[in-house]
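Me: I have a structure open and would like to go through it piece by piece with you. Can we start with the strands and move on from there?

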Amino acid sequence: MMKENWLTDLRRFVAEDHVKMDEPLHLHTLTKMGGPADIFVAPTTEDEVAYTVKYAYDNDIPLLMLGNGSNMVVRDGGVRGIVLTFKKLNGIMINGTTVIAQGGADIKKVSRAAADRQLTGMEFACGIPGSIGGAMAMNAGAYGGEIKDVIVQATVLTKEGEKLVLTKDELELGYRKSIITKKGFYVLSSEFGLEIGEQRVIDAKMSDLTFQRESKQPLEFPSAGSVFKRPPGNFAGKLIQESGLQGRGFGGAEVSTKHAGFIVNKNNATANDYIQTIEMVKKAVFEKFGIDLELEVKIVGEDMA
């Protein structure tokens with residue numbers, strides 16, 4: 001009965017069709033896997049976000065932030081409590097060399113919008129699958145660049161529903177971590193400081209990075225992106241490849257034959273298939289190299305009853 005009450009309460013403040021019960025999360029994850037969310041909320045204003053966050057906090061309801069579902073594996077039993085997405089908070093504003101993007105904006109689109117205004121500094125993000133909020137939380141990076149190189153400040157919401165503006169230093173951005181993940185903050189918007197560049201050079205760099213990504217990564221299958229963090233002085237993909245794991249897996253999930261750092265949903269995989277494949281990889285790499293691979297993806301939710 002509880003979730004029916006949550007639905008009624010939240011619909012008093014958030015538009016009715018933006019609050020759903022038992023929403024299948026496989027519709028919202030890039031792996032195309034995951035059971036239902038008790039309540040799924042997609043606010044369109046910062047006030048609606050603040051209301052939802054405070055409502056969850058005041059009523060002791062578990063609250064999970066789902067960006068664009070790129071770096072997450074949702075178990076087959078789904079997620080209890082409230083799942084919050086900023087997909088409808090996706091505005092991008094450019095003023096001179098300053099780019100301000102809302103938390104739900106696609107980082108690839110932000111990178112492209114900056115490039116279209118002859119701004120350089122965010123080319124590295126042109127292929128990163130994720131929202132600005134997720135990219136901020138993980139200090140996302142690729143091809144020699146990362147969020148901390150261009151961030152000026154971010155506006156976040158605390159678990160209690162209080163709004164804070166955090167400077168670059170206050171964000172504590174490190175390798176795949178930040179104060180956002182540490183404190184469980186919600187990113188409302190981020191401000192980036194870029195530079196005027198040469199259009200021809202910017203476009204050429206983005207074309208080159210896009211080619212590198214498309215030729216090396218298994219984009220033809222659903223996946224959670226790069227599964228493991230880079231071990232110090234090594235590469236997860238290299239260790240997995242040298243362990244002879246490419247093409248192996250459970251059910252419909254397998255270690256990509258194109259890039260060993262990816263586990264793909266090749267044939268209607270369940271989250272259980274995916275997680276079993278992750279465990280197989282961790283075990284094999286540890287047995288061969290003595291290296292305990294650390295997850296970059298987040299596994300959430302409950303197993304099937």
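Me: Is strand E5 mostly buried or exposed?
Reply: In this predicted model, strand E5, which covers residues 79–85, is largely enclosed by the rest of the structure, because six of its seven residues are buried.

Me: Which way does strand E2 run against E5, parallel or antiparallel?
Reply: Strand E2 (residues 36–41) pairs with E5 in the parallel sense over four bridges, and within that pairing Ala 37 stands opposite Val 79 of E5.

Me: And how many bridges join strand E3 to E5?
Reply: Strand E3 (residues 63–66) is joined to E5 by four bridges, and these two strands run parallel; Met 65 has Leu 84 in E5 as its bridge partner.

Me: Switching to E6 and E7, what sort of pairing do they have?
Reply: Strand E6 (residues 92–95) and strand E7 (residues 98–102) are antiparallel, with four bridges between them, and Ile 92 is found opposite Ala 101 of E7.

Me: Which residue takes a positive phi in that hairpin?
Reply: That residue is Gly 96, with a phi near 65°, in a hairpin that has two residues between strands E6 and E7.

Me: OK, helices now. At what angle do H3 and H6 pack?
Reply: Helix H3 (residues 107–116) and helix H6 (residues 199–216) pack at about 155°, and their axes are 10 Å apart. That angle makes H3 roughly antiparallel to H6, as it is over the 145 degrees used as the cut-off for that description.

Me: Which residues meet there?
Reply: From H3 the residues are Ser 111, Arg 112, Ala 115 and Asp 116, and they meet Gln 199, Ile 202, Asp 203 and Met 206 in H6. Sorted by class, this contact of H3 with H6 has three nonpolar, two polar and three charged residues.

Me: Next, where does Ile 147 sit?
Reply: Ile 147 is in the loop between strand E10 (145–146) and strand E11 (151–157), and it counts as buried because its relative accessibility is 1%, which falls under the 20% cut-off.

Me: What does Ile 147 touch?
Reply: Not counting residues up to four places away in sequence, Ile 147 touches Ile 107, Phe 124, Ala 135, Met 136, Asn 139, Ala 140, Leu 173 and Phe 192. As for Ala 137, which is 10 residues from Ile 147 along the chain, the C-alpha atoms of the two are separated by 9.6 Å.

Me: Let's look at the sheet with E15 in it. What is the strand order?
Reply: The order is E15-E17-E16 in an open sheet of three strands with antiparallel pairing. Strand E15 (223–226) and strand E16 (253–255) are the edge strands, each pairing on one side only. Ignoring direction, neighbouring strands of this sheet are turned by 20° against each other on average.

Me: Which helix packs on the sheet?
Reply: Helix H8 (residues 271–289) packs on it and touches E15, E16 and E17, with a direction that makes about 25° with that of E16.

Me: How many bridges join E15 to E17?
Reply: Two bridges join E15 to strand E17 (residues 262–265), and the two strands run antiparallel; Ser 223 stands opposite Val 264 in E17.

Me: Changing topic, which residues does UniProt annotate as "active site"?
Reply: The unreviewed UniProt entry gives Arg 176, Ser 226 and Glu 296 under that annotation. They are spread over 121 residues of sequence but cluster in space, with a largest C-alpha distance of 11.8 Å.

Me: What is Ser 226 in contact with?
Reply: Ser 226, which lies in strand E15, is partly exposed with a relative accessible area of 29%. Leaving aside neighbours within four places in sequence, Ser 226 is in contact with Asn 71, Gly 261, Phe 262, Glu 296 and Val 297.

Me: And Glu 296, buried or exposed?
Reply: Glu 296 counts as buried, at 14% relative accessibility, and lies in the loop between H8 and strand E18 (298–300). With neighbours within four places in sequence left aside, the contacts of Glu 296 include Asn 71, Arg 176 and Ser 226.

Me: Last one: which residues does UniProt list for the FAD-binding PCMH-type domain?
Reply: The unreviewed entry lists residues 33–232 for "domain: FAD-binding PCMH-type". Over residues 33–232 the chain is 26% helix and 30% strand, with the end C-alpha atoms 31 Å apart.

Terms used: Residues are numbered from 1 along each chain as its sequence is written. This is a predicted model: local features need pLDDT of at least 70, side-chain atom pairs count only at pLDDT 80 or more; totals for chains, interfaces and linings use all residues. Side-chain values use heavy atoms; hydrogens and water are left out. Axes are lines fitted to C-alpha atoms, for helices over the stretch in contact, and angles run from 0 to 180 degrees between N-to-C directions. Angles under 35 degrees count as roughly parallel, over 145 as roughly antiparallel, 65 to 115 as roughly perpendicular and the rest as oblique. Contact means heavy atoms within 4.5 Å. Ala, Val, Leu, Ile, Met, Phe, Trp, Tyr, Cys and Pro count as nonpolar, Asp, Glu, Lys and Arg as charged, and the others, Gly among them, as polar. Two strands pair if DSSP finds at least two bridges between them. UniProt positions are given in the numbering used here, feature names are shortened, and annotations may be inferred rather than shown by experiment. Buried means under 20% relative accessible area, exposed over 50%, partly exposed in between (1.4 Å probe, protein chains only).
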